[in-house]
Amino acid sequence: MASATTLQLWVTFGVIGLAVVFYISERISFELTSVLAIVALLVFFEFVPLPAGQIKNVLDAGALLSGFANPDLITIIALLVIGQGLFRTAALEKPTHALVYYGRRKPKTTLAATLAGAALLSAFLNNTPVVVMFIPILTVLAARLGVSTARVLIPLSFVSILGGMTTVIGSSTNLLVVGMVEEIGQPGIGFFEFLAPGLLLALVGLAYVGLVAPRLLRQNQPGAGAVPAATGKQFITQIPITHGHRLLGKQAVAGLFPDLPGMTVRLIQRKNEFFFPPFEDVTLQRNDTIVIAATRQVLTDALMESDSLFRAEVPDAGGEGAALDASGRELVLCEAVIAPNSRLVGRRANHSGLTADTGCILFGIQRRTRMIRGGLGEIRIEPGDSILLLGRRERVRGLRLNRDLLLLEWSAHELPDLRLANRARAIFAFAVLSAATGFVPVVIAALAGAAAMLPAGCLNVRQAARAFDRRIFLLIGAAIAMAQALEKTGGGSLIAHTVIDSVGSGSPAIVLSSLFLLVAVLTNFLSNNATALLFTPIAVSTANELGVDPRPFIFAVIFAANCSFATPVGYQTNLLVMSPGGYRYLDYTRTGAPLILILWICYSIFAPWYYGL
């Protein structure tokens with residue numbers, strides 16, 4: 001029986017070790033590594049079960065697959081759906097405009113202040129809703145400031161964890177340890193009792209995250225749902241000034257129109273009269289047409305405004321039109337190239353029949369050889385012209401079969417429905433506040449918020465499904481299966497007692513340092529809560545054997561259990577940013593492992609001096 005238990009223990013170590021190696025090396029995909037790890041454990045424990053007497057340690061298929069019903073997994077998926085709803089409705093565009101305004105002048109200061117704000121909130125709120133709140137804000141802010149999201153989202157997760165180290169309610173791990181301390185007969189821990197060492201570790205960690213971590217992160221591909229990267233291409237388009245248009249009556253200032261930021265006005269047409277820059281004493285009148293040049297990003301931002309500059313009729317599936325400024329619902333903006341043998345070549349844009357043939361309107365045109373000077377409708381189409389098309393989703397899909405155009409698939413971007421932004425904000429706020437105040441558990445708040453996005457119209461089923469990340473789903477399932485096997489076979493306890501026993505006869509400072517490092521390593525592979533619960537009684541008994549105050553050892557467990565920086569499965573905020581940031585497993589190891597070592601060294605030096613060990 002002993003040999004069977006030993007065999008199970010070492011097979012578990014072997015499966016975990018191989019899985020970590022393959023996750024880091026990426027020789028095979030995340031998904032396949034996760035599935036193979038789960039299958040290996042299922043097959044092995046089916047034929048080599050734990051001893052019959054160990055009823056509590058049964059590792060059957062139900063136990064090993066329980067990770068796929070884990071509340072943390074459901075929470076993360078639900079929060080990703082909520083984030084997709086915020087993205088689809090551009091619900092956080094307005095809050096980010098102020099940040100972008102200041103960020104253009106001092107981008108580094110703005111990003112640093114935003115991350116510092118997340119860290120401060122994490123000291124008093126649960127980390128997860130804080131990260132959920134800041135992911136879309138930082139994503140939009142980074143895009144507007146020309147910074148890769150890959151360089152801000154892992155830092156966001158890290159600063160939220162660091163902020164949570166400083167108070168009792170900063171994270172669920174802290175609360176679990178505080179509760180267990182009282183259960184084993186130790187005096188209760190005060191709200192700010194470990195503020196001094198926690199604040200030191202948080203400040204050192206924040207300095208590392210701000211100065212070093214972004215340099216270790218590569219420029220990753222954008223995650224699912226990200227807006228296609230903007231280019232410097234200038235598209236010619238036009239703005240018709242109709243009754244009630246917000247530009248009606250606007251006058252040029254110093255030859256320019258300040259109400260058109262990022263746009264170059266090339267021409268103003270008033271019946272048969274043309275005005276060219278610089279525009280002196282020109283006041284916009286009804287029925288004027290403004291011809292502008294702007295990048296796709298600028299045009300997209302203008303389309304997403306609630307009071308859009310552009311007003312046009314976009315045909316629906318039945319051929320009937322709907323006002324462009326009434327709603328962005330189901331509208332897609334895409335780029336296409338005029339084919340060499342296209343029937344459109346040589347035709348004027350307004351007589352090309354493009355809208356009738358495709359069901360999309362010609363929104364802009366760009367020519368590589370020279371900048372076009374003239375109204376959009378009067379431009380003669382040439383082979384190789386890049387055009388912007390705006391239409392319903394089903395119409396854009398139909399462009400794939402159009403022989404006159406070469407659709408650039410990557411360029412298709414659905415415009416948010418701004419009418420639903422307030423609904424999305426309300427759902428998001430309710431979910432965050434419910435979780436942060438403890439009104440309901442985080443999983444219930446997240447799941448209710450995700451479900452509410454559908455009947456509210458912020459998302460349809462297809463869009464909600466796009467938020468689902470199979471890498472995260474399988475990674476969490478496999479991680480929990482491996483953690484279950486390690487715990488039930490006694491692997492975690494074996495590692496803990498082996499290391500503590502090996503240094504048990506040393507000085508209290510050495511034992512304290514060893515305990516911190518051991519917990520910090522294991523928390524990245526087991527769940528941080530499980531690690532904290534496992535080591536809290538070990539820490540107390542070790543301190544009693546050494547005849548010293550258990551407090552520094554308990555705090556070492558709290559801080560080290562929060563050092564879940566080196567793997568995406570270490571903490572759920574790491575998983576939350578994985579998909580939006582397009583991260584790989586090694587990105588967490590590269591940036592998180594040095595941070596763990598720095599915090600370990602800091603506590604190993606500070607705690608013995610501060611607590612007089």
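**Figure 1. The loop between S3 and S4.** Pro 278 sits in the loop that runs between S3 and S4. The model shown here and in every later view is predicted. A cis peptide bond joins Pro 277 to Pro 278, with omega at about 0 degrees. Asn 287 belongs to the loop between S3 and S4 as well. Its phi is positive, about 75 degrees, although Asn 287 is not a glycine. Most residues other than glycine have a negative phi, and most peptide bonds are trans. Is Asn 287 buried or exposed? Asn 287 is exposed, because its relative accessibility of 59% is over the 50% cut-off.

**Figure 2. A salt bridge between Asp 288 and Arg 270.** Asp 288 pairs with Arg 270 in a salt bridge. The closest N and O atoms are 2.9 Å apart. Asp 288 lies in the loop between strand S3 (273–275) and strand S4 (289–295). Arg 270 is in strand S2 (residues 264–270). The pair links distant parts of the chain, 18 residues apart. Asp 288 has a relative accessible area of 1%, so the residue counts as buried. Arg 270 is buried too, at 16%. Both values fall under 20%, which means that both residues meet the cut-off for buried.

**Figure 3. A salt bridge between Glu 193 and Arg 551.** Five salt bridges turn up in a search of the whole structure. One of them joins the side chains of Glu 193 and Arg 551, at 2.8 Å from N to O. Which parts of the chain does the pair link? Glu 193 is in the loop between helix H9 (172–183) and helix H10 (195–211). Arg 551 is in helix H22 (residues 551–561). Arg 551 is buried, with a relative accessible area of 10%. Side chains of opposite charge can pair when their charged atoms come close.

Figure 4. How accessible is Asp 587? Asp 587 has 0% relative accessibility and counts as buried. Arg 590 reaches 28% and counts as partly exposed.

Figure 5. Two packed helices are described by the angle between their axes and the distance between the axes. Helix H20 (residues 508–522) packs with H24 at an angle of about 155 degrees. Their axes are 10 Å apart. The angle is over 145 degrees, so H20 is roughly antiparallel to H24. H20 passes H24 in a right-handed crossing. Next comes helix H8 (residues 153–164). The axes of H8 and H24 come within 11 Å and cross at roughly 30 degrees. That angle is under 35 degrees, so H8 is roughly parallel to H24. The crossing of H8 with H24 is right-handed.

**Figure 6. The loop between H14 and S10.** Arg 403 lies in the loop between helix H14 (393–398) and strand S10 (405–414). Leu 399 is found in the loop between H14 and S10 too. Arg 403 is exposed, at 76% relative accessibility. Leu 399 is buried, at 3%. Which residue is 10.0 Å from Arg 403, C-alpha to C-alpha? That residue is Pro 340, 63 residues apart from Arg 403 in sequence. Leu 399 and Cys 360 are 39 residues apart in sequence. In space, their C-alpha atoms are 9.3 Å apart.

Figure 7. Val 35, Val 39, Val 43 and Phe 47 make a nonpolar surface patch. The patch covers about 370 Å². Phe 47 is found in helix H2 (residues 30–47). Is Phe 47 buried or exposed? Phe 47 is exposed, because its 68% relative accessibility is over the 50% cut-off.

Key:
Residues numbered from 1 in each chain as written. Predicted model: local features only at pLDDT ≥ 70, side-chain atom pairs only at ≥ 80, totals over all residues. Heavy atoms only, no water. Salt bridge = Lys/Arg side-chain N within 4 Å of Asp/Glu carboxyl O. Helix = DSSP H or I, 4+ residues; strand = E, 2+ residues; numbered from the N terminus. Buried < 20%, exposed > 50% of the residue type's maximum accessible area, 1.4 Å probe, protein only. Patch = residues over 30% accessible without salt bridge, like charges linked within 9 Å, V, L, I, M, F, W, Y side chains within 5 Å. Areas by Shrake-Rupley, 256 points an atom, 1.4 Å probe, with all protein chains shown as cover. Axes fitted to C-alpha atoms, helices over the stretch in contact; angles between N-to-C directions. Parallel < 35°, antiparallel > 145°, perpendicular 65-115°, else oblique. Left-handed = near helix turned anticlockwise from the far one by under 90°.
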